[in-house]
Amino acid sequence: MLDDTSRALINRLQDDLPMDSRPFAAVGRELGLSEDEVITRIAEMKEAGAITRFGPFFDAAAMGGAFCLCAMEVPQARFEEVMTKVNAHPEVAHNYERDHALSMWFVLATETPEGIVDTAARIEQETGIPVFCFPKLQEFFIGFRVNA
Amino acid sequence: MTTATDIADREIIAELQAGLPLVPEPYAEVASRLGMAEEDLIQRIQAMKDQGVIRRIAAAPNHYKLGMVANGMTVWDVEDARIAELGAQIGALPYVTHCYERPRAPEAGWTYNLFAMVHGDTREEVEAKRAEIAETLGDACRTHSILYSKRILKKTGLRLRKRG
């Protein structure tokens, strides 16, 4: 488990990093840590899987592309096979197994709005399973942070 | 269709999408890989942040590893006429991390139009929060459900396809 220092660091790092040529030194000053300790702890948390990614979060929509949540009803017996086929698409940004008849939920991030429909159609073709698309119609505040 | 992202920015994005290097001067390192000056790279990144192409430079935590093993996607069938008002209320709750109105999918038997992600240390905690949301929605909500995540199957963030 993470110690208090790493928890404080992960809480801080969910917010934007200052645009500074030495950003880890800047974050370290805020938290009373050395630059070296900040870098070492981030590397350790990545290694341990507590941080899955560290870097820029891109908005596909602002780049002229699109995001879309999609779901499939995948029979348990075919789950691994379908997962491999779905995950092979670079447009699949993340994918979760959930305990529902619609058992596979993934987010497509594509460079053009048409890319969503095209990718969903390719996945349907490859798997023979319908892909249901749930594009966002309205966003009600993204409080993306969790407290570690 | 042309995208808002020009070629130089594409190269920067391609270089950064795996993450920021964990070295004291990460921008200097990325700039040298791209054959550009650090100062120019920082300027381009700042411009992409100003345009909203980059939302933030930050860490994506793994909720499971942080002890938040219960992660429930709560879904609600809310009266269309009241969704703007009620969605804003639910989105403002401190334990809701994402909240969206999405289309229903009757062909999939899916009647829910409001999605709210709730994280907690235990399922009991998540269920208690779900009950609070149900109370807030009152009779504007016809049916609701919760989908717990069983497994992360992939988590890479955005990847651009290689051109050409």
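**View 1. The two domains of chain B.** In this predicted model, chain B is split into domain 1, residues 7–51, and domain 2, residues 70–148. Taken over C-alpha atoms, the centres of domain 1 of chain B and domain 2 of chain B are 38 Å apart.

**View 2. An open sheet with strands from chains A and B.** Nine strands form an open sheet with antiparallel pairing. The order is β5(A)-β2(A)-β4(A)-β3(A)-β5(B)-β2(B)-β4(B)-β3(B)-β6(A).

View 3. Strands β3 (residues 96–101) and β4 (residues 114–120) of chain B run antiparallel and are joined by five bridges. B:Tyr100 has B:Phe115 of β4(B) opposite it. Helix α5 of chain B, residues 123–137, packs on the sheet and touches β2 (70–78), β4 and β5 (141–155) of chain B. The direction of helix α5 of chain B makes about 20° with that of β2(B).

**View 4. The largest nonpolar core.** This core contains 56 residues. A:Cys70, A:Met104, A:Phe106 and A:Leu108 have the most contacts inside it. Strand β4 of chain A (residues 104–110) supplies the largest share, six residues. Leaving out residues up to four places away in sequence, A:Phe106 touches A:Cys70, A:Val86, A:Val92, A:His94 and A:Asn95.

Terms used. Residues numbered from 1 in each chain as written. Chains lettered and ligands numbered in written order. Predicted model: local features only at pLDDT ≥ 70, side-chain atom pairs only at ≥ 80, totals over all residues. Domains from an automatic or database assignment. Pairing = 2+ DSSP bridges. Helix = DSSP H or I, 4+ residues; strand = E, 2+ residues; numbered from the N terminus. Contact = placed C-beta atoms within 7 Å. Axes fitted to C-alpha atoms, helices over the stretch in contact; angles between N-to-C directions. Core = buried A, V, L, I, M, F, W, Y, C linked by C-beta atoms within 7 Å. Buried ≥ 20, exposed ≤ 12 C-beta atoms within 10 Å, placed from the backbone.
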